[in-house]
Amino acid sequence: MSANLAYARPLRNEPSRDADRQHVQQRGAARGRPTHIEIVTTRAQRNARPKLAYSVITIVSLFLIFAGQLLLSIVVSDGAYQLSGLQVQQKDLLRTEQALLEKLQILGSTQHLAANAAHLGMVPGSNPLYLDLSTGAVSSAPGTADPFGCGGGCSVVANSLLTGVPLVDAASAAAQTAALAAQAAAVAPASPQPEALHATAAQSVPIANPDVLPAPLTN
Amino acid sequence: MNTRRARLRISGMVLVVFLMVTVFVVRLVDIQVVRADELNAQSLEKRAQELITYGVRGEIVDAHGAVLADSVERYDITVSPRASLARENAMGVIADGLARIAAVTKQDPDDLMAVILADPASDFEYLTQGVTLDTFRAVDALEIPWVYFELRNGRSYPNGEVAGNLVGFIGTDGPQAGLEYTEDACLASTDGVSIFEKGEDGVRIPGSEVTTREPTNGGTLRLTIDRDLQWWVQQRMEQAAQQLGATWATAVVIRVSDGKLMAVTDYPTVDPNNVNDAPREALGSVAFTTPYEPGSTIKVLTAASLLDAGVVNQSSQILAPYSREFPGAGVISNAFYGPDQLTLAGALVESSNTAIAGFSELLAPEARHDYLAGFGFGEYTEVGFNGESSGTLYPASEWDRRTNYTVQFGQGMTATSVQMASAYQTLANGGVRMPVSLLEGCEWPDGTVTEAPLTEGTRVVSETAARQTVEMMEMVATSSGSAPNLQIPGYRVAVKSGTAEVAEAGGYADNKVVLSYAGMAPAEDPQYAVVVTAGVNDRVFSGRIASTFRDVMAQTLTTFRVPPSTTPSPNLPLTW
């Protein structure tokens with residue numbers, strides 16, 4: 001390790017080192033200063049010296065690593081906030097879903113369906129027929145007795161959850177359907193057409209009535 | 001400078017550095033190893049937040065998955081009176097806030113104010129409890145700083161009174177009645193705990209969440225009940241009960257092939273959503289819990305027993321006057337005057353007490369007792385319903401001489417509606433009694449099913465005895481006085497009526513009866529057995545609920561699409 005470093009210490013007046021002293025005295029005389037010693041490196045030693053570039057690279061990369069780590073931790077903690085926000089949102093949506101499911105179950109309760117059916121003028125089937133698809137046989141069933149003539153509208157089996165839940169109104173339901181259809185008609189032409197060429201063709205297709213099941217076009 | 005001093009100095013420095021490193025190492029080991037747990041705990045305490053994660057109580061569903069009981073999230077709105085009163089211009093701010101809350105929760109603002117003023121130093125009072133998500137969000141949006149919310153798990157019964165007698169309900173102290181109570185082991189959930197670390201602003205530190213206990217959800221309890229049939233039968237029975245002025249009425253529909261209950265209805269029935277308004281007697285299921293003396297519906301079981309023992313056949317003859325004195329047992333009378341010379345079939349059609357008592361003498365009491373026990377009387381059914389009764393069937397050795405006869409026409413013993421349905425299921429199923437089941441099973445989140453119904457049947461009477469008894473019951477549907485009210489076009493119906501007296505202290509009540517009709521259809525290959533029963537405080541006869549039986553049976557056949565009969569009913573001789 002010490003091979004490329006010059007070993008020097010202050011010289012004393014020793015005859016054995018005459019040549020060196022002469023050389024030093026000459027340099028000192030040239031600068032007009034007293035005798036002064038300086039390490040002189042050989043060319044090989046100079047070449048072996050660490051270059052500035054290396055240290056710059058090291059420092060810059062260290063800096064980059066620190067900066068990268070900092071950015072990473074910023075991103076991670078930002079992700080934590082995002083995660084926390086999304087979790088809150090998820091919880092909120094799950095709650096909404098549950099509340100809607102609860103409402104759906106109440107609206108789907110037998111009492112509500114029966115009362116609505118009666119309200120819309122439906123009566124229990126008195127003489128249903130069944131077609132057995134495997135044998136093709138038609139059989140009848142006794143049907144639903146309605147001795148009190150109120151069908152599903154008797155409402156003797158109470159359900160307190162249905163308090164304040166309105167029955168469907170045929171007229172307003174029809175109006176709502178018409179409004180939806182009109183809305184659909186208004187939106188459809190404004191929606192962007194994939195290509196201008198198809199525009200006329202698309203407009204000539206009648207807007208489907210939401211009440212009618214779509215039927216395939218056949219030749 | 002001499003080398004020696006330099007060396008000394010270097011050594012000194014090394015020593016100092018070494019000592020410092022030693023001190024640091026000791027401290028490091030002390031912190032990182034020796035006191036690590038203690039320090040970690042301390043630091044965690046500052047950052048950690050314990051979070052209780054709630055498990056969800058299982059649903060109760062009908063055979064087809066329609067939800068009868070469901071867990072829902074509810075919210076309690078709470079207030080801190082101390083915090084609210086500490087504000088500037090407190091009374092004005094509070095009055096304004098409460099008025100806005102009351103507008104959402106539809107309460108009286110003065111009541112809410114009373115809550116706050118009741119204990120001004122308190123930090124926690126309920127403004128209202130158990131509100132829905134919509135209300136919670138509306139109140140939350142008001143952003144009143146001294147109002148807080150608590151989540152609580154509620155229970156909703158979307159179908160109200162439908163099967164309310166079976167499902168039961170949950171009170172503030174947990175399950176109170178019905179399957180909610182007895183099947184709590186299936187339905188109950190356990191809460192979990194997870195711990196996470198939070199930063200200064202309350203956001204959890206990523207990756208810090210540790211779940212120390214997972215919450216477990218309850219299982220789904222699937223009943224054998226058909227919700228729509230249950231609703232229809234419940235409605236029909238309620239109409240019948242109101243028409244009759246009955247104090248109670250039950251109906252049981254049981255599937256013949258496997259003993260599964262399709263409908264068990266009670267009048268009155270609780271709406272589990274609104275338990276407070278229900279009368280006390282509506283809180284359980286009378287069909288399971290309240291035995292009665294069944295009366296004449298037992299006669300067909302007596303006939304089946306005698307047929308199985310080989311001591312009679314369908315046309316065995318007996319002289320059955322309106323009343324007859326039996327040795328040591330006193331006088332036994334019929335309800336009506338009718339022909340005296342009856343066959344066994346005629347004895348059932350005329351529902352003659354004297355004829356059945358006479359036929360009973362052909363078989364020893366012990367054997368007759370064992371047949372009745374075989375049909376399931378005096379024993380709890382396999383359902384094990386909350387508060388179920390086993391009814392009473394005394395051992396033959398304890399029968400007095402009168403009971404020896406009367407028990408064969410359903411007095412001096414008691415049974416529940418479900419036991420009666422099970423006995424008729426036995427006759428309809430060719431003499432094999434299937435275990436009664438109300439549960440299809442408890443379905444766990446991992447897909448396993450527990451509490452599946454028992455499937456092992458026991459033979460009570462021979463297939464021939466059962467078939468012959470059902471044939472005689474068809475004669476009741478075609479030839480008895482109530483026959484016009486029992487016809488279901490296209491189907492052969494087998495049925496037996498019962499008008500039972502009700503025992504009271506010191507004898508039978510003068511003006512109390514239990515009316516019942518029990519039967520099965522289609523008679524040539526019975527699929528469903530139906531028992532309808534009503535307790536009436538009046539002197540009336542079973543014919544009053546014949547049409548109710550017919551309607552329930554017809555609805556059952558329609559619901560399950562039972563194909564009509566293709567052969568005509570037999571015509572057995574009733575008299576000789």
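**Entry 1: a bridge inside chain B**

I began with B:Arg236 and B:Asp551, whose side chains meet in a salt bridge at 2.7 Å, N to O. The pair joins distant parts of the chain, with B:Arg236 in helix H10 of chain B and B:Asp551 in helix H19 of chain B, 315 residues apart. I counted a salt bridge where a side-chain nitrogen of Lys or Arg lies within 4 Å of a carboxyl oxygen of Asp or Glu. Helices (H or I, at least four residues) and strands (E, at least two) are DSSP runs, numbered from the N terminus.

I noted that this is a predicted model, in which local features need pLDDT of at least 70 and side-chain atom pairs count only at pLDDT 80 or more, while totals for chains, interfaces and linings use all residues. Residues are numbered from 1 along each chain as its sequence is written, chains are lettered from A and ligands numbered from 1 in the order in which they are written, and side-chain values use heavy atoms, with hydrogens and water left out.

Are B:Arg236 and B:Asp551 buried or exposed? B:Arg236 counts as buried because its relative accessibility is 4%, and B:Asp551 is buried at 3%. The classes are buried under 20% relative accessible area, exposed over 50% and partly exposed in between (1.4 Å probe, protein chains only).

B:Asp551 also has a salt bridge to B:Arg550, at 3.2 Å from N to O. B:Arg550 is partly exposed, at 23% relative accessibility. I found one network of salt bridges with shared partners, made of B:Arg57, B:Arg155, B:Glu180 and B:Asp184.

**Entry 2: other sites in chain B**

I next looked up B:Glu382, which forms a salt bridge with B:Arg433, the closest N and O atoms being 2.9 Å apart. B:Glu382 sits in the loop between helix H15 (365-374) and helix H16 (403-406) of chain B, and B:Arg433 lies 51 residues apart from it in strand S17 (residues 432-433). B:Glu382 is partly exposed at 34%, whereas B:Arg433 is buried at 9%.

B:Asp258 is in the loop between strand S11 (246-255) and strand S12 (261-267) of chain B. I read B:Asp258 as buried, since its relative accessible area is 19%. Not counting residues up to four places away in sequence, B:Asp258 touches B:Met434, B:Pro435 and B:Ser437. Contact here means heavy atoms within 4.5 Å.

**Entry 3: chain B against chain A**

I found 45 residues of chain B in contact with 41 residues of chain A. The two chains bury about 3,400 Å² between them, 54% of it on carbon and sulfur atoms. Buried area is the accessible area (1.4 Å probe) that two parts lose on being put together, summed over both.

How many salt bridges cross the interface of chain B and chain A? The rule finds four. One links the side chains of B:Glu73 and A:Arg95 at 3.4 Å, N to O. On the side of chain B that touches chain A, strand S3 (67-79), helix H6 (133-141), strand S5 (147-156), helix H10 (227-244) and helix H19 (546-559) each supply at least two residues. H10(B) gives the largest share, ten residues.

**Entry 4: confidence in chain A**

I checked the pLDDT, the predictor's confidence in each residue, from 0 to 100. Chain A averages 74, and 68% of the residues score at least 70. Within chain A, confidence is lowest in helix H6 (residues 196-204), at a mean of 44, and highest in helix H3 (residues 52-107), at 91. Over residues 190-216 of chain A the pLDDT is below 50, and this stretch has eight contacts in the model beyond near neighbours in sequence.
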